[in-house]
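User: I have a model open and would like to learn to read it feature by feature. Could you take me through it?

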Amino acid sequence: MNQTSTIERVCGPIGAFCNSYARLPEHFFARLEPTPVATPSLVQFNAALAEELGLDIGTLDADRLAAILAGNLLPQGAEPIAMAYAGHQFGGFVPELGDGRAILLGELRDRHGVRRDLQLKGSGQTPYSRRGDGRAALGPMLREYLISEAMHALGIPSTRALAVVTTGESVYRERRLPGAILTRVAASHVRVGSFEYFAARDDNAAIRSLAEYVIDRHYPEARDAAEPIWALMQGVAERQVQLIARWMQVGFIHGVMNTDNMAISGETIDFGPCAFMDAYDPATVYSAIDHTGRYAYANQPQIALWNLARFAQALLPLLDPSPGRAVERANAWLGELAERFAEHWLGAMRAKLGMALQEAADLQLVQALLDVMQRGGADFTLTFRRLCDAAQSARTDADVRVLFTNPDAFDEWAVAWRSRLRREPADSQQRAQAMRQVNPAFIPRNHRVEQALDAASERADFEPFTRLLLVLSRPYEEQPSHAAYADPPQPNERVLRTFCGT
Ligand code: AMP
Ligand code: MG
């Protein structure tokens with residue numbers, strides 16, 4: 001491995017725009033500019049993120065800013081490319097996907113010195129568009145904006161959203177919709193599918209270059225390890241283990257965990273049909289295209305593991321000179337990983353229940369609650385949020401038990417929970433406080449999300465969107481004036497299906 005960072009070599013100082021990915025071999029991407037749009041108009045802008053990125057937009061007038069964020073004008077130093085990648089979609093391998101409607105402009109070094117990709121999504125056709133129009137509709141772009149920012153506010157690693165502009169053009173899906181472009185900010189856009197792209201072509205030199213690139217950018221500690229590739233695998237896996245545990249903690253269902261939608265950086269990426277669960281059911285699926293429930297809520301750790309197996313598979317030629325030995329090592333790694341996922345999930349659930357100690361019977365206690373919740377149709381978010389108060393005083397148990405159609409079963413479970421909590425060192429107030437840091441009061445409830453997107457998309461009314469975004473920016477705080485945003489949907493408000501909107 002190189003001793004000096006490739007990125008440091010090719011990119012300049014803080015504030016300068018550059019594109020280190022465009023320094024990789026030419027077959028890693030296609031060079032092309034975004035396709036200009038008719039009349040760009042800025043409808044959402046993330047000023048706090050712009051500030052974090054050190055973007056100097058104070059001197060720009062609104063038209064120029066909208067033109068840049070629509071791809072009509074390129075910022076200085078940008079080197080627009082569409083990245084090549086492959087991917088396993090619903091288990092089937094597609095050797096060429098790539099950015100079919102996105103353009104990577106390059107990177108900015110943020111105020112913390114971290115390189116962040118700026119990508120325009122919905123920016124027109126590329127060599128990877130296949131039959132797609134390269135465009136995006138306003139609803140799905142606002143959806144990604146909202147959910148990715150909500151994930152960030154929840155403290156979960158995620159790509160971010162800098163802006164949404166409408167294009168003044170229509171896109172045609174089942175019907176005519178307003179077109180839009182999202183500016184996405186990411187630690188990088190390298191995916192498991194990026195490695196698979198080269199593995200499918202037996203291009204070991206490319207796999208090595210890509211591995212060096214991501215080590216430089218995301219896993220610098222692996223550079224000096226005895227076996228950098230092995231260290232990279234450990235690093236990527238560890239971040240996925242952490243990430244999925246966080247998803248499970250808040251009831252997030254990604255919806256399309258294809259290997260092209262798993263970022264090597266460990267950020268949540270590609271918010272298509274994703275949704276948060278209301279009533280707890282491990283088999284919950286919202287995505288209209290997930291017919292078999294492959295990406296159901298409770299399957300997510302197992303699917304992440306499956307995706308990591310595809311990652312390891314792509315790295316096999318670099319892992320060990322002996323193919324047999326490489327496979328053996330990768331399998332041993334996967335076996336250990338399965339345990340890490342299970343351990344981490346349990347840790348995440350312990351935290352939700354205010355349990356800092358680790359006891360052998362905890363898994364049973366957690367599972368018992370989940371079973372009662374499932375049978376009782378209890379709301380996932382509200383149950384855990386109200387348990388924060390109940391952890392402090394049994395007097396508030398009534399607020400929890402009303403969430404269950406089987407309150408007696410909850411009562412019985414609560415007795416076991418309390419006797420377990422008595423062995424915890426923290427006092428009840430500290431415990432409740434810690435629980436409120438992992439059990440949000442506010443999540444992007446599907447019915448609220450749909451209402452906000454409909455208002456914006458159908459009536460150009462952005463007020464519900466802006467308000468929802470604001471509520472979701474402080475998910476762990478009580479917000480009495482917005483209490484209704486914590487409520488689950490009424491039966492007639494329930495959203496059962498979500499669409500990726502491509
Ligand atoms: P996704 O389901 O959004 O992760 O996208 C899967 C693949 O389809 C990626 O290669 C995308 O770039 C491509 N794609 C999705 N929508 C479009 C579109 N409207 N035009 C061209 N390519 C698209
Ligand atoms: Mg994708």
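Analyst: Start with burial. Buried means under 20% relative accessible area, exposed means over 50%, and partly exposed is in between (1.4 Å probe, protein chains only). Helices (H or I, at least four residues) and strands (E, at least two) are DSSP runs, numbered from the N terminus. This is a predicted model: local features need pLDDT of at least 70, side-chain atom pairs count only at pLDDT 80 or more, and totals for chains, interfaces and linings use all residues. Residues are numbered from 1 along each chain as its sequence is written, chains are lettered from A and ligands numbered from 1 in the order in which they are written, and side-chain values use heavy atoms, with hydrogens and water left out.

User: How many residues of α4 are buried?

Analyst: In α4, 14 of the 16 residues are buried, so the helix is mostly covered.

User: How do I read the span of α4?

Analyst: The expected span is 1.5 Å times one less than the number of residues. Helix α4 covers residues 138–153. From first C-alpha to last it reaches 22 Å, close to the 22 Å expected. Just after α4, Gly155 has a positive phi of about 85°.

User: Why do Arg130 and Asp202 count as exposed?

Analyst: Arg130 counts as exposed because its relative accessibility is 58%. Asp202 counts as exposed because its value is 67%.

User: Which residues come nearest to ligand 1?

Analyst: A residue is near if one of its heavy atoms lies within 4 Å. Of the 18 residues around ligand 1, Gly98, Gly100, Arg130, Asp133 and Gly134 come nearest.

User: Where is Leu353, and why does it count as buried?

Analyst: Leu353 is in the loop between α10 (323–352) and α11 (362–376). It counts as buried because its relative accessibility is 0%. Leu353 and Arg431 are 78 residues apart in sequence, and 9.0 Å apart in space, C-alpha to C-alpha.
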